[in-house]
Amino acid sequence: MKARRIQVSFKVCVIGCGGHSTRVHGPSYKKYADLYPGTILAACCDLDPIRAKEFQHMFGFKACYTDIDEMLDTEKPDAVCLVVKESFIAALSVKVIEKGYPILMEKPPGLSKEETLAIVAAVEKNRVPNKVAFNRWYIPVMVKLKEMMKANLKLEKVHQIRYDFYRTGRTEPDFYTTAIHGISAVAFLAESPFDEIHFTYQELPSLGEHVANIYMDCRFASGVIAHLHFCPVAGVVIERATVNSLHQTIFAELPIWASHDNPGRLVHFKNGHIISDTRGDLFTDSSDMYITNGFYAENESFFNMIRNNAAQEGGVELAPQIVEVADCIRLRKKRYARSQNIDRTSSEARELGKNYEGDQT
């Protein structure tokens with residue numbers, strides 16, 4: 001992996017030094033700083049001072065803080081990465097954006113469409129570059145699958161997408177905040193808004209409240225049909241995508257968290273014959289999980305978008321419908337129809353932003 005010769009000084013600050021940040025984002029920041037001259041890992045922030053100090057030393061940050069405002073006002077970074085619990089993402093994103101700093105926010109950018117629209121409103125008001133860490137959009141196997149679809153199938157000719165999302169022992173009631181990965185992955189492949197969705201819930205009350213297998217039958221505005229299967233208490237951890245078109249099928253096995261399918265695989269069939277069969281580790285130059293799972297790529301693309309003053313990519317404006325569909329699972333809705341959930345106008349989003357900002361003070 002060759003670095004671009006970007007010499008301009010570029011300061012990065014991080015909010016959140018917990019387990020997820022330490023496991024995959026910290027190594028990504030360090031690798032980026034090693035590859036791109038002029039990168040300054042300025043500061044990290046966490047409410048736990050010990051955790052912040054450990055993160056600082058582990059990944060080479062120059063300072064650590066326990067107060068977000070103090071860090072941002074002191075360091076004045078070029079980019080902020082927000083890696084906190086789902087319930088805090090929306091409020092802290094608005095705070096950072098209102099201060100005028102570019103932000104990469106973890107998923108989901110809100111726990112509801114309204115929270116997400118509040119972030120959209122803050123972005124529109126402050127014109128701040130931003131990106132949502134819809135991680136599957138950056139996993140090398142998924143990126144190659146998308147390239148293969150464009151090169152061989154033509155998106156308008158795709159008939160059906162299937163996405164299997166299995167976990168073991170996941171009995172938490174807010175599993176929908178994890179299921180959003182599958183929803184965003186299928187939206188990424190289809191490149192079209194969801195038009196209508198029918199949900200089926202196989203409730204498993206003996207395992208806890210809201211524990212269920214979740215099945216989604218979807219139609220996109222483009223006409224593509226998708227089937228998503230979420231099984232949080234299955235016998236294996238996997239994520240697999242299947243794409244069908246006329247005479248062609250592509251199977252993708254994602255190397256999620258060093259799961260059973262690690263290092264991943266991409267198989268392309270045409271008229272009953274294998275056209276290609278490629279191991280996922282051949283799409284990267286490293287077997288490190290933060291590389292194969294796309295965490296480095298999502299951070300690198302965000303930093304380079306800012307440094308190169310490139311066009312906005314992967315911003316929060318793409319997120320409201322994805323969040324709304326995920327929230328349907330929390331609400332146990334049986335049907336979603338885009339015609340009944342038309343996106344708010346920009347003016348309405350701004351009003352939501354004002355109200356949301358007021359609620360936080």
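**A helix, its cover and a cavity**

Modeller: Just after α10, Arg332 has a positive phi of about 55 degrees. The model is predicted: local features need pLDDT of at least 70, side-chain atom pairs count only at pLDDT 80 or more, and totals for chains, interfaces and linings use all residues. Residues are numbered from 1 along each chain as its sequence is written, and side-chain values use heavy atoms, without hydrogens and water.

Biologist: Why is Thr116 called buried?

Modeller: Buried means under 20% relative accessible area, exposed over 50%, partly exposed in between (1.4 Å probe, protein chains only). Thr116 has 0% relative accessibility, so the residue counts as buried. Thr116 lies in helix α5, residues 113–126; helices are DSSP runs (H or I, at least four residues), strands likewise (E, at least two), numbered from the N terminus.

Biologist: What does Thr116 touch?

Modeller: Leaving out residues up to four places away in sequence, Thr116 touches Pro109, Gly110, Val316, Ala319, Pro320 and Val323. Contact means heavy atoms within 4.5 Å.

Biologist: What makes α10 largely enclosed by the rest of the structure?

Modeller: In α10 (residues 320–330), 10 of the 11 residues are buried, so the helix is largely enclosed. Among the buried ones are Pro320 and Val323. The cover includes α5, α7 (176–190) and β8 (194–203).

Biologist: How do you know which class each residue lining the largest cavity belongs to?

Modeller: Ala, Val, Leu, Ile, Met, Phe, Trp, Tyr, Cys and Pro count as nonpolar, Asp, Glu, Lys and Arg as charged, and the others, Gly among them, as polar. On that basis the lining has eight nonpolar, one polar and five charged residues.
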